[in-house]
Amino acid sequence: MITRHFIDIDHSGNIRRVHYRKAGSGPPLLMVHQSPRSSKEYEALMEKWAAHFTCIAPDTPGFGQSDPLSGHPEIVEYADAVIDFLDALGIKKCAAYGFHSGGIILVTAVKRHPSRITTLAVGGYAIWTPEEMALFSDRYLPEFHPSDYGEHLTWLWNRILEQSWFFPWFATDDAHRLSVANDDPARVDAIVREMLDAGNAYQAGYGAVLRAPRDIPAVDADVPPCLISAYDGDPLQEHIDRLGQMPASWNAQKVATPADHQAVSLSHLLVTETPMVDHLPEASDEGFVAIHTKGFDGLIHWRGDRTGDKLDLHAPSYAVAGNQPAGQIAIDLPGHGLSDNWADDTPVTWASWDAVIAAVAGSLGTSEIVYPTLPIGEPEKLYPDLSPDRFGNYLNMAWQIVRARHMFAPWYTVDTDHAVAFDEQHLEPGNLAAEHLALINGHSARQYHIALQSRQKEN
């Protein structure tokens, strides 16, 4: 089972929160994701490698649920942040794996802190030519901010979609076409959500990787062993030929498929012995609890005062937001926010939801439940189908909903009789962006609303 955790890193008095995933047993394996993704991209791989390692995959600074670095960080700051993360966990040495930009971060970490990594496997290592760097310029990483009417969502969908068609994504000509083009809404949606999590912070992490020096350690460098591999269709496969001379313990190879890349990487990682680790620490005011009921088996995200007695429940299609008052813990209900969804059909009976809430209350030690106020309207209309579609229309639909529900109740009845007073600040794009992400993550909002209605009738 993959578990999720938060930990705080104190760097010269500056506290930075890091979210990480963990799975398996055995020696620790640090897994650093590519940009602009998060540790979620490693879930399938963690399940495979958990038989051999304690897989530990953090969201790098500014991505996923991890706080960004301050200022204008370069690649050395991201590499040192990896080591700070290991320090916070109490890990002295570990094996490591990184794909694309994750590999750039780890190679930099190995050069700066060679004694901390026992062995390293990298998927694709970029060695850009001056012409390629000039092509990237500022176009590859434009600023990404929410706009009043959701225009940023149209750009984002097409940018992520077409990055599998062309590399760089904006070089739309035959010379830059890729052989791995797809129009799979689920694949595009996964990356879109991670970009929405990162916001404009993606510029810092991604930009640091693009600007990073591409200097492989010298032939005589005292560094841990490393394998760099890339598969057919990976735009970095041709970069294998650009690596030049490497230390004796470093090797590079081209393979046919992603499965082959994973296989050779695992074989390489298993050769070198890595010391075991004990229990890993985590933050005291935010985390996840594993809940098992008749209908739900997964992780529930919580945040707040761990000694608190009140358990606060959000309204349908919302999620935990901000710091909680003293004495209170807030949770994301199943199918909302950072919590897992129901495994099978989402129930509409209150008993099923109440069983999960009771289990969470028992785990967190709370006795008082604070229930939400239900939005006005019919559940079937309040929460339309927001499944990803080929053209990304669901993103713009959700944006229009979060705007309208500040102005009308219910949001789908637009006339003077249903107009409501609102605070103009609530229509600031940053606030709408947070609500928008909660809405598209609210997979079980309609069923939760119906269940709350049944609870009200019972009471």
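Is His100 buried or exposed, going by its relative accessible area? His100 is buried, at 17%, where buried means under 20% relative accessible area, exposed over 50% and partly exposed in between (1.4 Å probe, protein chains only). This is a predicted model: local features need pLDDT of at least 70, side-chain atom pairs count only at pLDDT 80 or more, and totals for chains, interfaces and linings use all residues. Residues are numbered from 1 along each chain as its sequence is written, and side-chain values use heavy atoms, with hydrogens and water left out.

**View 1. The whole chain, before zooming in.** There are 13 helices and 13 strands here; helices (H or I, at least four residues) and strands (E, at least two) are DSSP runs, numbered from the N terminus. The C-alpha trace spans about 75 × 50 × 40 Å along its principal axes. Of the 459 residues, 52% count as buried. Take the contacts (heavy atoms within 4.5 Å) between residues at least 6 apart in sequence: 71% of them join residues at least 24 apart.

**View 2. His100, on the way into helix H3.** His100 sits in the loop between strand E5 (94–99) and H3. Its phi is positive, about 50°, although His100 is not a glycine. For background, most residues other than glycine have a negative phi, and most peptide bonds are trans.

**View 3. Thr108, a buried residue of helix H3.** Helix H3 covers residues 101–112 and includes Thr108. Thr108 counts as buried because its relative accessibility is 9%. So what does Thr108 touch, leaving aside its neighbours within four places in sequence? Its contacts there are Ile75, Val76 and Ala79.

**View 4. Phe167 and Pro168, joined by a cis peptide bond.** The bond from Phe167 to Pro168 is cis, and its omega is near -5°. Look for Pro168 in the loop between helix H5 (151–162) and helix H6 (185–198).

**View 5. Ser317, with a positive phi.** At about 75°, the phi of Ser317 is positive although Ser317 is not a glycine. Ser317 belongs to the loop between strand E11 (310–313) and strand E12 (328–331). Ser317 counts as buried because its relative accessibility is 0%.

**View 6. Ala409 and Pro410, another cis peptide bond.** Going from Ala409 to Pro410, the peptide bond is cis, with omega near -5°. Pro410 lies in the loop between helix H11 (393–404) and helix H12 (429–441).
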